[in-house]
Amino acid sequence: MTEDSSTFLTPDAHRRLTAELAELKGPKRIEISDRIAEARSHGDIRENADYHAAKDEQGLMEARILHLEQILRDAKVREAVDTGRVEIGSMVTVVDSDGDEMEFLLAPAENRGSARLVVSPQSPLGTAVLSRSPGDSVTYEAPGGRFQVTVASVRPFSG
């Protein structure tokens with residue numbers, strides 16, 4: 001796959017992010033607005049903790065809305081394909097040097113919730129296994145040290 005990995009979304013992740021955006025732009029905006037109005041009715045807003053807390057929450061929510069809009073605007077929503085190699089959107093099983101197995105979805109963090117474990121293609125492990133095939137061993141540097149894994153299996157994510 002040659003497209004920018006930061007734009008890949010599984011259909012499941014796209015549905016979840018779209019639903020979150022609708023909730024934030026609808027009921028949550030109304031809820032925050034009502035809380036701000038209620039807090040403002042209590043008098044002087046300079047020393048009104050409820051008002052400041054609601055305004056802070058509103059700011060965080062509006063930032064999340066902008067972030068979700070950008071993700072969804074630039075998203076490439078598609079199912080992964082079976083190429084026999086590790087691609088963005090693949091479910092990958094690796095075995096470490098101790099014989100421990102780990103299965104993960106190789107995809108940007110926005111896909112959290114699509115699979116039990118999501119590993120970013122920009123992470124040390126993600127970069128090391130990208131484009132590899134079952135049987136390939138790779139060594140990579142991570143903050144915890146130097147690690148070696150063998151790609152045990154690769155399949156397209158379906159969820």
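Me: Where is the place of asparagine 111?

Reply: In this predicted model, asparagine 111 has its place in the loop between β4 (101–106) and β5 (118–119).

Me: Why does asparagine 111 count as buried?

Reply: Buried means under 20% relative accessible area, and asparagine 111 has 0% relative accessibility, so it counts as buried.

Me: Which residues does asparagine 111 touch, not counting those up to four places away in sequence?

Reply: With those set aside, asparagine 111 touches Phe8, Leu9, Thr10, Ala13, Arg16, Leu105 and Val118. Leucine 9, for its part, is in contact with Asn111 and, among others beyond four places in sequence, with Leu17, Ile71, Leu72 and Val77.

Me: Which residues touch the most other members of the largest nonpolar core?

Reply: They are Leu9 and Leu17, in a core of 16 residues, and the elements that give two or more residues to this core are α1 (11–40) and α2 (49–74). Apart from this core lies another, of 14 residues, including Leu106, Val119, Ala128 and Val138. In soluble globular proteins, nonpolar side chains tend to be buried together.

Me: How do you know that strand β6 and strand β7 pair?

Reply: Two strands pair if at least two bridges are found between them; strand β6 (residues 137–142) and strand β7 (residues 145–156) have six bridges, so they meet that cut-off, and they pair in the antiparallel sense. Threonine 139 stands opposite glutamine 148 in β7, and β6 and β7 form a hairpin with two residues between them.

Methods:
Residues numbered from 1 in each chain as written. Predicted model: local features only at pLDDT ≥ 70, side-chain atom pairs only at ≥ 80, totals over all residues. Heavy atoms only, no water. Helix = DSSP H or I, 4+ residues; strand = E, 2+ residues; numbered from the N terminus. Buried < 20%, exposed > 50% of the residue type's maximum accessible area, 1.4 Å probe, protein only. Contact = heavy atoms within 4.5 Å. Core = buried A, V, L, I, M, F, W, Y, C linked by side-chain atoms within 4.5 Å.
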